[in-house]
Amino acid sequence: MRNDHPFDLIIEGGTLIDGSKAPRYRADLGISDGRISALGDLSACQANQRIDATGKVVAPGFIDSHTHDDQAVLSQPDMTFKVSQGVTTVVTGNCGISIAPLRQDSDLPSPLNLLDDTDSARFSTFKGYLDALRQSPSAVNVAAMVGHSTLRVMTMDSLERAADHTEISAMKALLDEALAAGAIGISTGTYYPPAAHAPTQEIIDVCRPLSGSGALYVTHMRDEADNTLASLEESFHIGRELDSPVVISHHKLQRRQNFGKSAITLPIIREAMKCQCIALDCYPYNASSTMLHTDPNRLQGRVLIASSEPHPEHTGRDLDDIATEWGVSKVEAAARLQPASAIYFGMDEEDVQNILAFDETMIGSDGIPTGEKPHPRLWGTFPRILGHYSRDLGLFELETAVWKMTGLTARNFKLDKRGVLAVGNHADIVVFDPLTVRDVADYDHPTAPAEGIEVVIVNGQVTWREGRHQGARAGQVITRRNCDVTA
């Protein structure tokens, strides 16, 4: 193949895993104007820049299906914790919490306060948030959702009850604005205090604008422990009532008495998929991370403090040890540490593997980008899938691993022309060494960058190379495919 005009960049000599689950193949890849413009033998073609990928895999940039990067994409625009592991797109606004819309003067309850940066401006409309991202792009693409808990905070004088008719109407208006601005959907987090008192009917009524819009209903379910089955049915019911695609966030089974129940939940999910549009994601760890709870039922097992505003000196310590040192109960110690976040060791590794191996499971990190001791999933999720679970344990083939992090996610979240290496698609690309790629971050050193990620390209711009950020901030705002807003 010859070209009259040089490509901006040619990646040559690599093995392509294209994100469709098709077998890998050898080919060069040409990029022009931020898009993939050619695949094949480009050895005779001119290029302004060439990258030798001999012995390496060339894949679509990874799509993090579940993040809390809402504020980080503005306050930490290099997004090193994501691009260093090959992530080129993040889905934000999960678990019912988003940083828009919010009033400037409102006090935020947990877990919303985990997103907020007190030095940054807030946005009273979702459009204002997306406009800020367009004006000051980050290093990754952003597909944003609005959070139901955030809408409750905006419209209700008390969160300890169901919303009334007036408040539901106000939330619907805010959702309408967000969808018109380009939000890809709404998320709920009825597991958390700000939305725990929201009954099923409130959620259905608030989310009515989803019907016919193509937008998604994404949920951190009401219960992921003893009442998981009821929570799954509630989620499916809401999706049916709204005629909207449903995404079950970070599917898991918590607490020892529920270990092994993935053998029950996964067939239920598969059966529901036959009747409606259902998707799910999972992170590759048997410990979760979120706000530090003060409910004793949620403090069972080992709890590791990830951040504490009044007591940062206890970051990285076990809650049991802190409570013993202070001579108080775990509940009292947790109360004294607020506001805070924590890591909870409460899942069975066999369940984690069963859920990861489920053919329709996407990969999401669910990392919280704050504090000195975050969950290692913030820095290590995607290389851990490639190295530990695919290469070392053989849980699935590399083509399947890549698909779970690219093409499957792009399909489920309707991210147009991303997630697959094809001519005309956006040039979001990762080059990695399949023999050495691995996560390095652990609970003692959670911010260690991964190994084996050679090059990361976002919209045609080399963003990560040779273990260093290259300074590019070429991320775009991704809106719903059928939205009138230009992406």
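Predicted model: local features only at pLDDT ≥ 70, side-chain atom pairs only at ≥ 80, totals over all residues.
User: Which residue in S6 is the bridge partner of Glu12?

Analyst: Strand S1 covers residues 9–12 and is joined to S6 by three bridges. The two strands run parallel. For Glu12, the bridge partner in S6 is Asp52.

User: Is Ser149 buried or exposed?

Analyst: Ser149 lies in helix H4, which spans residues 148–155. Residues that Ser149 touches, not counting those up to four places away in sequence, include Gly96, Leu112 and Pro194. Buried means under 20% relative accessible area. Ser149 has a relative accessible area of 1%, so Ser149 is buried.

User: Which elements do the buried residues of H4 pack against?

Analyst: Helix H4 is mostly covered, with eight of its eight residues buried. Among them are His148, Leu151, Val153 and Met154. These buried residues of H4 pack against strand S11 (146–147), helix H5 (165–181), strand S12 (185–189) and helix H6 (200–206).

User: Which residue in S18 is the bridge partner of Met291?

Analyst: Strand S18 covers residues 340–345, and five of its six residues are buried. Strand S16 (residues 288–291) runs antiparallel to S18 and is joined to it by four bridges. Strand S17 (residues 302–308) is also antiparallel to S18, with six bridges. Ser307 has Ser341 as its bridge partner in S18, and the partner of Met291 in S18 is Ser341.

User: How are H9 and H10 oriented to each other, parallel or perpendicular?

Analyst: Two packed helices are described by the angle between their axes and the distance between the axes. Helix H9 (residues 319–326) and helix H10 (residues 330–337) pack at about 95 degrees, with axes 9 Å apart. Angles of 65 to 115 degrees count as roughly perpendicular. H9 and H10 are therefore roughly perpendicular.

User: How many residues of the contact of H9 with H10 are nonpolar?

Analyst: From H9, the residues in contact include Leu319, Ile322 and Trp326. They meet residues of H10, including Ala333, Arg336 and Leu337. The contact has three charged residues and no polar ones, and the number of nonpolar residues is seven.

User: Where is Pro339, which is joined to Gln338 by a cis peptide bond?

Analyst: Most residues other than glycine have a negative phi, and most peptide bonds are trans. The bond from Gln338 to Pro339 is cis, with omega near -10 degrees. Ser110 and Pro111 are also joined by a cis peptide bond, with omega about 5 degrees. Pro339 is in the loop between H10 and S18.

User: What is the relative accessibility of Lys21?

Analyst: Lys21 lies in the loop between strand S2 (15–16) and strand S3 (25–26). Its phi is positive, near 80 degrees, although Lys21 is not a glycine. Lys21 counts as partly exposed, and its relative accessibility is 40%.

Methods: Residues numbered from 1 in each chain as written. Heavy atoms only, no water. Buried < 20%, exposed > 50% of the residue type's maximum accessible area, 1.4 Å probe, protein only. Contact = heavy atoms within 4.5 Å. Pairing = 2+ DSSP bridges. Axes fitted to C-alpha atoms, helices over the stretch in contact; angles between N-to-C directions. Parallel < 35°, antiparallel > 145°, perpendicular 65-115°, else oblique. Nonpolar A, V, L, I, M, F, W, Y, C, P; charged D, E, K, R; others polar.
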